[in-house]
Number of protein chains: 4
Amino acid sequence: MPSSSTGVCDPADLTSPVALVLIDVINSLEFPNAEALLKQALPMSLRLQALRAAARRHDVPIIYVNDNFGRWRSDFRSQIDDCLQPDVLGRPIAERLKPEEGDYFILKPMHSGFYLTPLELLLARLETKTLILTGMATNICVFLTANDAHMRGFRLVVPADCCAAESEADHQFTLEQLEKVMQADTGPSTEIDFEKLLAPA
Amino acid sequence: MPSSSTGVCDPADLTSPVALVLIDVINSLEFPNAEALLKQALPMSLRLQALRAAARRHDVPIIYVNDNFGRWRSDFRSQIDDCLQPDVLGRPIAERLKPEEGDYFILKPMHSGFYLTPLELLLARLETKTLILTGMATNICVFLTANDAHMRGFRLVVPADCCAAESEADHQFTLEQLEKVMQADTGPSTEIDFEKLLAPA
Amino acid sequence: MPSSSTGVCDPADLTSPVALVLIDVINSLEFPNAEALLKQALPMSLRLQALRAAARRHDVPIIYVNDNFGRWRSDFRSQIDDCLQPDVLGRPIAERLKPEEGDYFILKPMHSGFYLTPLELLLARLETKTLILTGMATNICVFLTANDAHMRGFRLVVPADCCAAESEADHQFTLEQLEKVMQADTGPSTEIDFEKLLAPA
Amino acid sequence: MPSSSTGVCDPADLTSPVALVLIDVINSLEFPNAEALLKQALPMSLRLQALRAAARRHDVPIIYVNDNFGRWRSDFRSQIDDCLQPDVLGRPIAERLKPEEGDYFILKPMHSGFYLTPLELLLARLETKTLILTGMATNICVFLTANDAHMRGFRLVVPADCCAAESEADHQFTLEQLEKVMQADTGPSTEIDFEKLLAPA
């Protein structure tokens, strides 16, 4: 359609050199051994909540990049509702980290947030060059999204305390690889200096 | 996330060698000269409604491939609601063609339904080889989606009476190109033989 | 590999806001009805030769985007050699338009120069925003490349006299669509003002 | 072009459910700390040479997926020649593993063999479902190629003794992740049973 072709942004869209990306935090955690991940993810979610609040204060776009979990007929809002049901293992995390008005969301069909999704285009529209990647699992969807972001030239910040994996070894080794191969900054979220990240290059 | 990685399908997903794709039918038609398109699209939408009913009777998957119209924070359901408001130019078409329970939907950020969307993966999961492309506009989003489908090896059916363009010339010439370059079948929708299309090759 | 990851450019690479793209000009023309295309392509190739010379004088990058014609084991240089053999229908065009030292080339496996090729990345490295698309056939590979370029935000110049199709109707209709849908400039090549295109925006 | 559109395969192309992929083995190794990688890669290359010979005996396609190292104007054959010059650090590996007539090659512009390359299409043409990934570095280009292959549904064999990284820790951790996250078979190359891999499913 003509109007679509122009790809005009929502008037509410502001550009920003940095964006905060939350990966698979709206998650029922219905898979084998999910308790191990939950144990790591619960404390992580508290710190990510604080980081998200800091990002909001600085008008940094918040982007939920979330699996569609093979449900091609549902949208993100119904997924959030599903995760907020009683008895859902991932409920406490979804409750704490559920999106607010004005947040962006991208549904991904596979591990990487870039694979078969419009994430790259949204980031181009927002003129974003630095991604703060958070969520779970560190060694799977966070890592694969980081790989794809690196190949596309994004600068990466992956705060070690705002992502979680099933095992500490998976978490640690992935962070090491992110530093070594992709020059990611993996320092703690409390040391992220939004004013510095937002300053003109 | 592990469970996401498996890309497990919804248990409700059935495979099908053919799928019906409705392009940009949920559309406020808020752009210059949209009345010209509406005039062509109104009678088209009646025929597409009948074709969709025939597809449903044959358990052919119905896939809405719809522009996000630059609204990165909304989902398809809120887009449908917006198009059903009074005074929206595209309302009669949206009213007639709005999706039902069990239909699939893919939001696309640009013209082609394949560009930066999971459409290709959904079709692989459904094991679909033949696409019936319908909707609007024939020479823009339908044509660009057809181009991408052809490069990916899909067989194309583009019933001339189930898509519409601003001008008859644009419509006709595009159909000719679809036939000549992509060997698309552009005969009328009433001649689509679902049983033949669904028969094992 | 580490060094590959950096994607360092060849020291000979200069950035340029505009690039000249030659599509499928190195072409044996071994397909049914190729004579019809050759008849249009021969005079076109003379004008494209002149346009290429003008581009060179202005240090505009010359990019050959050429089909691999299903030969996954050969490279562009052997393809050029093949097209320069006696008795090859496309020889006069290949002879006239064969690349020179310093020209870029991209082998494409299907119609669009962007589909499953590194063209987008090369253009990002060159910081190119405007593409002058030329070659053949206007309504197939030139058009599909233009579609993909438009969705990626490139400004398009498609000089009517530097591309060719089997029929004049296909050629004309495609140029009209390029103008109407993609705001392409389709004026004659002799009116391309490189100094204006190269001027800082 | 019409003939290109058909994507007809070379008559020499045979389909095969399994393919052997050699990643970045034609490599000058001109980067900091390359000696560490060379030390691991030299013995690896002997084993890979034997595996390649076994693949050839079973008519398994051999696919070189090699970085273009930022040289957008050269082709694979000139890259091979460059790596065979005296004083090139990677020469012994290139000498041992250089392609033969009938091998396929894909030039990749970044780490993953699938990113902006026609690899996926070549594998579809060859009807390949299982990839034996080899080469270097295990934790960079082999891993990122494996990630992309896994998201596309390929079954993975990554023989531990036919890939190499700068450090043993990087190598080992990556293999663990490949097993755990992507269910890759990482057993030694001598245990690869081509007849079993080639048997109809």
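**Figure 1. Ring pairs join A:Tyr64, A:Phe76 and A:Phe105 into a cluster.** The model is predicted: local features need pLDDT of at least 70, side-chain atom pairs count only at pLDDT 80 or more, and totals for chains, interfaces and linings use all residues. Residues are numbered from 1 along each chain as its sequence is written, chains are lettered from A and ligands numbered from 1 in the order in which they are written, and side-chain values use heavy atoms, with hydrogens and water left out.

Rings of Phe, Tyr and Trp (its six-membered ring) pair if their centres lie within 6.5 Å; planes under 30 degrees apart count as stacked, over 60 as edge-to-face and the rest as tilted. By this rule there are 16 aromatic pairs over all chains. A:Tyr64 and A:Phe76 form a tilted pair, at 6.1 Å centre to centre and 45° between the planes. This pair links distant parts of the chain, 12 residues apart: A:Tyr64 is in strand 2 (residues 62-67) of chain A and A:Phe76 is in helix 3 (residues 76-83) of chain A. Here helices (H or I, at least four residues) and strands (E, at least two) are DSSP runs, numbered from the N terminus. Both A:Tyr64 and A:Phe76 are buried. Buried means under 20% relative accessible area, exposed over 50%, and partly exposed in between (1.4 Å probe, protein chains only).

**Figure 2. D:Phe114 and D:Phe154 form a tilted pair.** The pair is tilted because the ring centres are 5.9 Å apart and the planes stand at 35°. D:Phe114 has 5% relative accessibility, so it counts as buried. D:Phe154 is buried too, with a relative accessible area of 11%.

**Figure 3. Arginines sit over tyrosine rings, at B:Tyr104 and at D:Tyr104.** A charge sits over a ring if NZ of Lys or CZ of Arg is within 6 Å of the ring centre and within 35 degrees of the ring normal. A:Arg73 lies over the face of B:Tyr104, 4.0 Å from the ring centre. The charged end of C:Arg73 lies over the ring of D:Tyr104, 4.0 Å from its centre.

**Figure 4. Helix 6 and helix 7 of chain A pack at about 10°.** Helix 6 covers residues 138-151, helix 7 covers residues 168-182, and their axes are 10 Å apart. Axes are lines fitted to C-alpha atoms, for helices over the stretch in contact, and angles run from 0 to 180 degrees between N-to-C directions. The two helices of chain A are therefore roughly parallel. Angles under 35 degrees count as roughly parallel, over 145 as roughly antiparallel, 65 to 115 as roughly perpendicular and the rest as oblique. Contact means heavy atoms within 4.5 Å. Among the contact residues are A:Phe143 and A:His150 of helix 6 of chain A, and A:Leu175 and A:Met182 of helix 7 of chain A. By class, the contact has 6 nonpolar, 7 polar and 1 charged residues. Ala, Val, Leu, Ile, Met, Phe, Trp, Tyr, Cys and Pro count as nonpolar, Asp, Glu, Lys and Arg as charged, and the others, Gly among them, as polar.

**Figure 5. A:Pro159 is a buried loop residue.** A:Pro159 lies between strand 5 (155-157) and strand 6 (163-164) of chain A. Its relative accessibility is 0%. Leaving out residues up to four places away in sequence, A:Pro159 touches several residues, including A:Leu51, A:Ile132, A:Asp185 and A:Ile192. The C-alpha atoms of A:Pro159 and A:Glu191 are separated by 8.9 Å, and the two residues are 32 residues apart along the chain.

**Figure 6. A:Ala36 is in contact with A:Ala165 and A:Glu166, leaving aside neighbours within four places in sequence.** A:Ala36 belongs to helix 2 (residues 34-57) of chain A. A:Ala36 is partly exposed, with a relative accessible area of 25%. A:Ala36 and A:Ala165 are 129 residues apart in sequence, yet 8.2 Å apart in space, C-alpha to C-alpha.

**Figure 7. A cis peptide bond runs from B:Met136 to B:Ala137.** Omega is near -5°. B:Ala137 lies in the loop between strand 4 (130-136) and helix 6 of chain B. In chain C, a cis bond joins C:Met136 and C:Ala137, with omega about -5°.

**Figure 8. B:Asp87 has a positive phi, near 75°, and is not a glycine.** B:Asp87 is in the loop between helix 3 (76-83) and helix 4 (91-97) of chain B. B:Asp87 is exposed, with a relative accessible area of 83%.
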